[in-house]
Amino acid sequence: MKKVLLIEDDTVVRENTAELLELASYTVITAENGKTGVAKAKKHLPDIIICDIMMPELNGYGVLHILSKEESTKQIPFIFLSAKTEYKDMRKGMDLGADDYITKPFDESEIYSAIESRLAKVAIFNENKEKQITQIATENVEEFLFQPNEIRTIEQLRIYFTENVEEFLFQPNEIIYNEGDNSNYVYLINTGVVKTYKIDEQGKELITSINKENDFFGFTSFTHNINYKEAAAAIENVTTFRLTKNELQSLLEKNHFLTLELIDYLSDNVSEIKEHLLEMAYSSVRRKTASTILQFSKKIKKSPTDNPKISRSDLASIAGIATETFIRTLSDFKKEGIIEIEGRNIKIINLDKLKKIN
């Protein structure tokens with residue numbers, strides 16, 4: 001069973017939250033203030049820490065600062081739990097190294113989702129790191145020992161980003177870069193979903209790609225100073241790593257295997273775009289709409305069991321269909337029991353039917 005350390009000074013909140021987590025089969029260790037929480041974190045080494053911000057003895061920011069300096073605790077995922085909802089407070093927590101931020105009051109699905117997402121990310125990271133080390137050792141043990149900094153694969157490039165590049169936080173709908181800006185950076189998404197898009201002469205937004213966790217975006221020419229040909233914005237809360245194009249070019253010059261891997265990665269992206277363009281040109285309206293919904297769902301869901309809500313405006317801007325026709329098709333899908341429409345969002349309720357249309 002995974003161990004959760006819950007640091008919360010409010011007795012009612014602490015006991016109720018602990019009960020929720022125990023019902024979900026977590027082993028819960030509780031602490032009533034930050035000072036006690038630090039001591040229990042060092043003693044028990046939990047799999048994840050959930051911590052309030054405003055507490056006596058030592059506040060949540062102080063807890064994170066101390067534990068991030070300790071070798072034994074600095075890698076433990078850390079989630080803030082607080083009634084402080086100001087953007088500057090969230091930004092301060094993320095800048096200190098927090099993995100997530102849950103605001104009070106919250107429902108049980110929010111805290112379960114946050115914990116499962118963080119634990120899954122740690123598991124995947126450790127698994128990929130083990131595979132990477134095993135692969136390199138198998139191919140050439142001696143080369144691995146004497147050239148530990150060589151980057152050969154896309155996965156190693158992702159690790160380089162996470163270990164050497166500054167992380168940036170963007171809120172939903174916040175612009176990451178505009179069309180026409182200098183293309184000085186390449187981005188790697190750590191959490192969240194990013195759309196790239198163009199604005200046509202009538203001011204209509206046309207989405208060119210949807211990028212999720214572990215996707216790169218922002219590529220332009222490595223040899224010419226070409227501005228971004230499209231804009232990029234966060235669809236939900238996003239954290240990204242940002243590497244200068246000059247530094248990436250230097251990495252490619254020193255790591256020829258990585259250059260070939262990156263060519264394959266970009267070629268796959270081009271193939272996906274071509275398939276989407278063919279679908280927009282020749283598919284029926286129903287199939288275009290179903291395909292677009294499935295594409296968004298695949299990109300923004302956090303786990304196989306998730307059923308995310310998808311913005312209708314984002315769907316319309318990538319489907320390549322007149323707005324009126326698109327809305328009419330969504331209404332048909334609703335009548336057929338395939339989706340639900342909740343305000344400006346839609347939610348899939350019959351995935352099998354949707355896949356058959358696609």
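Colleague: What should I keep in mind about the model and its numbering?

Modeller: It's a predicted model, where local features need pLDDT of at least 70 and side-chain atom pairs count only at pLDDT 80 or more, while totals for chains, interfaces and linings use all residues. Residues are numbered from 1 along each chain as its sequence is written, and side-chain values use heavy atoms, with hydrogens and water left out.

Colleague: How many helices and strands does the protein chain have?

Modeller: There are 12 helices and 16 strands.

Colleague: Why is P77 called buried?

Modeller: Buried means under 20% relative accessible area, exposed means over 50%, and partly exposed is in between (1.4 Å probe, protein chains only). P77 has 5%, so it is buried. The residue sits in the loop between α3 and β4. Leaving aside neighbours within four places in sequence, P77 is in contact (heavy atoms within 4.5 Å) with D47, I48, I49, D99, R118 and V122. From P77 to G97, 20 residues away in sequence, the C-alpha to C-alpha distance is 9.2 Å.

Colleague: And S221 and T223, buried or exposed?

Modeller: One of each. Both lie in the loop between β11 (216–217) and β12 (231–234). S221 has 17% relative accessibility and so counts as buried, whereas T223, at 64%, counts as exposed. With neighbours within four places set aside, S221 is in contact with I226 and K245. T223 and Q249 are 26 residues apart along the chain, with their C-alpha atoms separated by 8.8 Å.

Colleague: What makes S25 partly exposed?

Modeller: Its relative accessibility is 46%, so S25 falls in the partly exposed range. S25 is in the loop between α1 (11–23) and β2, and has a positive phi of about 75° although it is not a glycine. E57 also has a positive phi without being a glycine, at about 70°. E57 lies in the loop between β3 and α3, and its 62% relative accessible area makes it exposed.

Colleague: Where is there a cis peptide bond, and what is its omega?

Modeller: Between K104 and P105, with omega about -5°. P105 is in the loop between β5 (100–103) and α5 (108–146).

Colleague: How do you know that V238 is buried?

Modeller: The relative accessible area of V238 is 0%, so it is buried. V238 belongs to strand β13 (residues 238–244). Once neighbours within four places are left aside, V238 is in contact with F168, L169, F170, T191, G192, V193 and V194. The C-alpha atoms of V238 and V193 are separated by 6.4 Å, though the two are 45 residues apart along the chain. For the whole protein chain of 358 residues, 41% count as buried. Of its contacts with a separation of 6 or more, 67% are between residues 24 or more positions apart.

Colleague: What makes something a nonpolar core?

Modeller: It has to be a set of buried Ala, Val, Leu, Ile, Met, Phe, Trp, Tyr and Cys residues joined through side-chain atoms within 4.5 Å. The largest one here has 22 residues, and I7, I49, C51, V63, L67, F78 and F80 have the most contacts inside it. Elements giving two or more residues to this core include β1 (3–7), β3 (48–52) and α4 (87–96). α3 gives the most, with four residues. A second, separate core of 21 residues includes A231, I235, F296 and L330.

Colleague: Why are α2 and α3 called roughly parallel?

Modeller: Angles under 35 degrees count as roughly parallel, over 145 as roughly antiparallel, 65 to 115 as roughly perpendicular and the rest as oblique. The axes of α2 and α3 cross at roughly 25° and come within 9 Å, so the two helices are roughly parallel to each other. Axes are lines fitted to C-alpha atoms, for helices over the stretch in contact, and angles run from 0 to 180 degrees between N-to-C directions.

Colleague: Which residues of α2 and α3 make the contact?

Modeller: G34, V38 and A41 of α2, and V63, I66 and L67 of α3. The residues of that contact divide into five nonpolar, one polar and no charged. Ala, Val, Leu, Ile, Met, Phe, Trp, Tyr, Cys and Pro count as nonpolar, Asp, Glu, Lys and Arg as charged, and the others, Gly among them, as polar.
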